[in-house]
Amino acid sequence: MRAQRAMRTWLLALTLGSASAGGCAGSAPFSASFPNGGERVDQALARANAAPHGPASAVVVGVADAPRSLFAYDLSARRMLFRVPAEAHGVPSIAGELVVASETTKVTVRRLRDGVLVQEFPLDGMHLIGADGDGTLSAIVLSTGGTMNVRSRLLLLSGERVSADRSVTRGLGAPAVRGGVAFVPHQRVHVSLVDARGEELARVRIREDVASRAFVHGGQVYFGQRGFYRLDGELDRGIQGGAHYWKLDLKTKLPGAPPLLADSTVAPAPIESALHRVALGFAPAMAESGQLALQDDTLYLAFYKQLFALSPDGTVARWVYETASDVVGVHAVAGGLLAVESSGLLTAIDAQGRAAFSAELGLQPIAAKVRAERIALATQDAEPAPLTTQLERAAQNPDTRLVPARAFAAQLLGGVESDDAARVLIALCDAENAPGRVREQACTTLSQRRYVSDAVLAALRVRANFLEGRRAPPLTPLARAALQAGDRRAAPELLAHLADPATPSEDLPALLRAVAGLGDASSAESVSAFVRLYHADAGDEQLEETLTVAMEALIKLDAGRARGVLEPLANDQFARVGVRTAAQRKLDELGPAAPEEGSELASEAAGHPDASPAAVPVAVESGPPAHLTTQHLDDALSAVRPKLSRCVREAPEHPASARLVLVIGGEGEVLDVRALPESVKGCVDPLVRSAQFPATKYGRRAVMSYSVSR
Amino acid sequence: MRAINFRVVLRLLARATLRVDAVPAAPSCLACHARCTTPRDRVTGLRHARIAVGGVALLALAAGTAHAAPTKASRAGGQASLEEVAVMLSSADEDEVRTALETAATLPAADVLPMLDERVRAGLPRVLLDVAIDSLMLLDDRGSAPLLSDLSRHRRPEVRVRAIEVMAHVKAPSAEQVLTDALGDQAPAVRKAAADALGELGSHSALPVLERALALGVDGAARALGRLAKPDDVSRLLAQIGKLPTATLSPMLAVLLSRRDVPEPDKLRAIATVSALGGEESQTALTELEAQLAPETPARVKKAIAAAVQKGKAE
């Protein structure tokens, strides 16, 4: 009986406990039924914000090698706080006045000021996800990561004493601590506000991003992954409703693709991993518009030995700074950036990309983390090198690991308007010894520039010459650049390269497209000569394709001339089928030729039946001409041209046009008529012979060709 | 009597003459490119071919005049072929165009050059373009220079080579500039052709550019320099011995040693300098020089080179 009573009491307690956990503040944290938002959030935030916020001491913590050790360095006092031997295998975290690191199979907690070990916990198959502190409360999160069978552990320390230790079967993210409240991301969509006893005070939920990591900057709590939210009273409204949120929205891929905030479900990379040498640096700030933004409107990228200060979308460089050794830790501060190098050099870089100060740590860090919100950056008098020069140096750095960043530097040159930038891009694009990726990027960037450039023009003036050791310049990107800029000055140079046998075949289409796009009608003659000369010489598909592009260019430049060039081509049996077909297709696109003024068709169309063919005068100047010209031929045949066209239309082969070769005697008599296709000869012969050609001054025979279209 | 079609006779005769492979007395390069190894051979072959074609054409004319009915074409005398050529050039038949191109070589250059120019610029397939260039060589007229100059910048190197050879052959006033430009061509064969052509053209003013070409190892430059150098230039050129590989200079030395206008002391000094270099390369060069000496080379030079070869062997 007593046993039954005891059982009932236990069940009641269990039930009440469950109910309490399901909906009441002060319950076990991270339960599925805890309500989101509401007044609790405001109350918890008010409690957190009530505590005064002063900038924490500026420190660098990290792992050094030879021997492997943990260290902490006071940036303000410029002195080493401690260096203790430790088999650390992850980047340590700064949690208020504590340093938290994963070492062998445990997590250690040391005092920041002297490195004394105050706590240690077994990792138990988990990773150190993150830790933070405000001087009174520290929060440490361990987790297995992943998405299945996840285990996590939240450790809360008041001072150096553990005040709460919560193990949960869900994923926890990196915490932040402000005003005695721990902000713990969990389940990728929640952030729970937890007090020092481990009681969940409030919870927020987000829908637009992932709650992976939380951090404090300027007394405000932020969290996110692809972007970051500010955790304030507006958060409940969502992004559309006015929540403060900034998203990393890159318009270009950054080298190494470092994350803005690391994914807490992914195990941290080993400390030796190169991933620790490729990182983004940023700090949140409120813009004047009231929108959340980046401090100094700048996103920093560290890539081994190169530091880029970029516009938030990554497309515009503010400066580039190159270090002597690999950067193993970066941290954005107001007006600049702090960088820790593997050589032990710590450098503060100002907003112009100049080294404001540097300090020697006296050890060789493998990875480092910096905590600093404000650092006094000494004013520099020296003018920084022009941005073009900075980018040029970055693009030419011989370190093979830097190839992606070098290509990125070349890409950034595209946004620099100066002609020097074009010059550098041309040199990079043409540099035989540069890595393919850098060259390719430089060429692509050059192609996309829209600025009129003397450098492009000067490069186009270069001709290949073996004796002078010159190769053809990178013509495709140069031609595209000239086209993008609409620089008609380039047309003659492009045509000169079209006629230059040293021009690589693969560059010809780009040249022709640029010539066509620039629209200088005087270019038509050269293009026409090219099409005519090579149309029957095309031995491969590449030249065939080039000829097709040339035909398009010709039509764009001078449709009238194009018809005269393309008609014979379409019927030339010596040309490859592809060339003939292309010519015919282009002719079809051009449509039927407009009837010539004064012709029968034109007269009919104009409603002037009196304008008979006989009335068309033959152009003979005062006295016979010295020789026959095309104009004489046109004039003489204009009367019969409609009938000639009919002959072509009715020919059994249905040709688009026919080519006539006329042998005309000195008295204007027709000696011979040849036609291609031959089937039209019978029809055209009497028509041609009926035409009256002028006599020539010296009685010389003339052999002339004449095209008749349908 | 049956009327003879002059055009057909001429075409057949021309084809028969120009396409006979085994004509030892007149090795036409139009038909035997494989046997003509040097531009000089080709020019000689083409001259022979021209004579042959011209003769056959005259025979044809005679036959036509003697047996043909008096047609409009025959009334025009020799100019009739011009009309026929013009018509055939426009043909879609490869054989007809080839015949026209070949026949054009037998007609007055002033009449046919404009037609050939127009036909080439209107686009010819590869085989026919070769024939057209051959005809330009046979015509041997400076009026072809503008077309040849353009063809010296054709996209196919083999066309450029042939245009350069013809350009030098017709000795067009603009040839030197064209050939000098061609020395900078990216194709080695074109550079060699240009160097050879400058040597053939006798362009002394091209010496500086040929010297640069020599330093860069352009094939043919050494031989051209040997041909073009004036006695005043010889000392400067000989100063290259020891600076450039002897094998590179060897063709130049061979020509200089054979030339009568080069002072004998210079020749002896050249032999001594090469000999003093010593080594296998020097020995090979001297042996080759000895073998290449022209019969009219002065005895002292012959003796000096023989002595140098012996000395090299002894060492």
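Biologist: What does Arg212(B) form a salt bridge with?

Modeller: Glu468(A) is the partner of Arg212(B), with the closest N and O atoms 3.9 Å apart. A salt bridge here is a side-chain nitrogen of Lys or Arg within 4 Å of a carboxyl oxygen of Asp or Glu. Keep in mind that this is a predicted model, where local features need pLDDT of at least 70, side-chain atom pairs count only at pLDDT 80 or more, and totals for chains, interfaces and linings use all residues. Residues are numbered from 1 along each chain as its sequence is written, chains are lettered from A and ligands numbered from 1 in the order in which they are written, and side-chain values use heavy atoms, with hydrogens and water left out.

Biologist: OK. How many salt bridges are there between chain A and chain B?

Modeller: The count between the two chains is 4 salt bridges. There are also 10 residue pairs in polar contact between chain A and chain B, both residues at pLDDT 80 or more. A polar contact is a pair of N or O atoms within 3.5 Å; within protein, one must be able to donate a hydrogen and the other to accept it, and residues adjacent in sequence count only if both atoms are side-chain atoms.

Biologist: Which residues in chain A lose the most area to chain B?

Modeller: Phe466(A), Leu467(A) and Phe574(A), which together account for 24% of what that side buries.

Biologist: Switching to chain B itself. How many helices and strands are there?

Modeller: Chain B has 18 helices and 0 strands. Of its 315 residues, 52% count as buried, where buried means under 20% relative accessible area, exposed over 50%, and partly exposed in between (1.4 Å probe, protein chains only).

Biologist: Why is H13(B) largely enclosed by the rest of the structure?

Modeller: Helix H13 (residues 221-228) of chain B has 6 of its 8 residues buried, so it is largely enclosed. Those are Ala221(B), Ala222(B), Ala224(B), Leu225(B), Gly226(B) and Leu228(B). They pack against helix H11 (188-201), helix H12 (207-215), helix H14 (231-238) and helix H15 (246-258) of chain B.

Biologist: Back to chain A. What is its mean pLDDT?

Modeller: The mean pLDDT of chain A is 88, and 90% of its residues reach 70 or more. pLDDT is the predictor's confidence in each residue, from 0 to 100. Over residues 11-26 of chain A the pLDDT is below 50, and that stretch has 14 contacts in the model beyond near neighbours in sequence. Residues 598-622 of chain A also stay under 50, with 25 contacts beyond four places in sequence.

Biologist: Is Leu511(A) buried or exposed?

Modeller: Leu511(A) is buried, at 1% relative accessible area. Leu511(A) lies in helix H11 (residues 508-518) of chain A. Leaving aside neighbours within four places in sequence, its contacts are Leu475(A), Ala479(A), Leu494(A), His497(A), Leu498(A) and Thr503(A).

Biologist: What about Arg68(A), which side chain does it meet in a salt bridge?

Modeller: Glu272(A), at 2.9 Å from N to O. The pair links distant parts of the chain, 204 residues apart: Arg68(A) is in the loop between strand S1 (59-65) and strand S2 (69-74), and Glu272(A) in the loop between strand S19 (245-247) and strand S20 (278-281) of chain A. Arg68(A) is buried, with a relative accessible area of 17%.

Biologist: Which residues are linked in a network of salt bridges?

Modeller: Arg277(A), Lys305(A), Asp326(A), Asp399(A) and Arg401(A) are.

Technical notes:
Buried area is the accessible area (1.4 Å probe) that two parts lose on being put together, summed over both. Helices (H or I, at least four residues) and strands (E, at least two) are DSSP runs, numbered from the N terminus. Contact means heavy atoms within 4.5 Å.
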